[in-house]
Amino acid sequence: MSDLQTSLVGLGVLLVVGVWGYNKLQERKYRKAAEKVFQNEQADVLVPDVPEDVIATDVHADDAPREPYLPPLDDDVRREPVFSDSQAFEDASAIAHEAPEQFIPETAPIREAETTTTTTAAVANGRNAPPPEWCDESTDLVAVLHFNDGIDVEDLRQSQAAMQAHQRVPLRGFVEVARAQWLPLESVGEGVCTHVWFALQLVDRRGALSTNDFESLRHAMQALASLRSGSLMFPDVAAMGEQARALDEFCAQLDLQLVLNVLDTGNGAFVGTKIRGMAEAGGMRLAESGEFLAGDEAGNFLFALANMGEPFDPATLRNLQTHGLSFMLDVPHAADGGYAFERMLSSARQFATTLDASLVNAQRAPVSDAMVDGIRKKIMEIHEQMTLAGIPAGGVRARRLFS
């Protein structure tokens, strides 16, 4: 064997050992965190029945009203495209993920818990599973923990909080409290559970989660399972990474926020009391976010009216004077985008006429009939693509992915 071949073999061995060692360091890191949770552990007491005072508070419904998403203007978020005469979309900004945390090695070994890499479709075969809108394989990484001797619910909540600290998106837990009866972990009373499902959303408006995020979660759950004689069923990390990237690319192409601005043309500033009177006459209400929100008869959110300066504040609105207002429509969040746009356009035109102001788009070009026709067509195209992809606009999946 030549010197080159010997060197290559040596480098290969070092690489394998390095990867194995890195994985061990991560498991030991999370084992330490889990031990803190269980350091005052007491004996479990099996609870045969569901507590009578346990009530689910997380109700998912496609027609539930929702606050609008208005992203901050910084470089850490995926920017929504805006519509103009010459250009329908602007390129979505790339998302850079921070390097994973470097863990300090520990000397105490960790016992390997039983771990299976599989799909949750296989896991659910022959077993009870949470409702699909809670654990959605098309948008979530879904993992299952089973504890033969049970785990105290409060201890499980503390473990969830520790794992959440390493994730930028919510980690949602669901507990089987009785045969085929599930509750969100935060809604479960005191007791012991044996079967827990976790769902981690793959994508939000900041971009896709990375395989580092998924590995971090897997090692944390592995450590928890090993401490409580549990078993972990976790999907393939590489496959989840590919799914997240593909889903993010799809969402970025459809992530459109329409903006119509009403600007002072030199006839004097807009007075806060007049703005409020016109907004409330148009059926809008002032929200804590500092925008006036418009909804339909069923209470579903349609569009928002914001000040181009500071957010509207009830305490200072009486003395407010401003030179610009923005009407904003989040297309993926609107179940009926055509209706929402017509309502927003009508309101914006009324404000412009009453305030003797100009109506322009996000690039401050006058709103023309050709532009309006183009916007209507674009909204229809986006909603058709979302429906074909199984992510209907305004639905649970759309509100989660475009948040």
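A strand is a DSSP run of E with at least two residues, and strands are numbered from the N terminus. In this predicted model, threonine 322 belongs to such an element, strand β14, which covers residues 321-322. The protein as a whole has 16 strands and nine helices. This briefing covers the overall fold, one helix and one strand residue.

**Overall architecture**
- The protein comprises 403 residues, of which 45% count as buried.
- Among contacts with a separation of 6 or more, 76% are made by residues 24 or more positions apart.

**Helix α3**
- Helix α3 spans residues 153-164, twelve residues in total, and extends 16 Å from its first C-alpha to its last, close to the expected 16 Å.
- Val153, Asp155, Leu156, Ser159, Gln160 and Met163 are the buried residues of α3.
- These residues lie on the same side of α3, because they cover an arc of only 155° around the axis.
- An α-helix has 3.6 residues a turn, so residues three or four places apart point the same way.
- The N-terminal end of α3 is capped by aspartate 152, a side-chain oxygen of which lies 3.0 Å from the backbone nitrogen of glutamate 154.

**Threonine 322**
- Threonine 322 counts as buried because its relative accessibility is 7%, whereas the cut-off is under 20%.
- Its side chain makes a polar contact with the side chain of asparagine 307 at 2.6 Å.
- The side chain of threonine 322 also reaches the backbone oxygen of glycine 324, at 3.4 Å.
- Apart from neighbours within four places in sequence, threonine 322 is in contact with Ala269, Phe270, Ile275 and Asn307.

How values were computed
Residues numbered from 1 in each chain as written. Predicted model: local features only at pLDDT ≥ 70, side-chain atom pairs only at ≥ 80, totals over all residues. Heavy atoms only, no water. Helix = DSSP H or I, 4+ residues; strand = E, 2+ residues; numbered from the N terminus. Buried < 20%, exposed > 50% of the residue type's maximum accessible area, 1.4 Å probe, protein only. Contact = heavy atoms within 4.5 Å. Expected span 1.5 Å × (residues − 1). Arc of directions from axis to C-beta. Polar contact = N/O pair within 3.5 Å; in protein donor to acceptor, adjacent residues only side chain to side chain.
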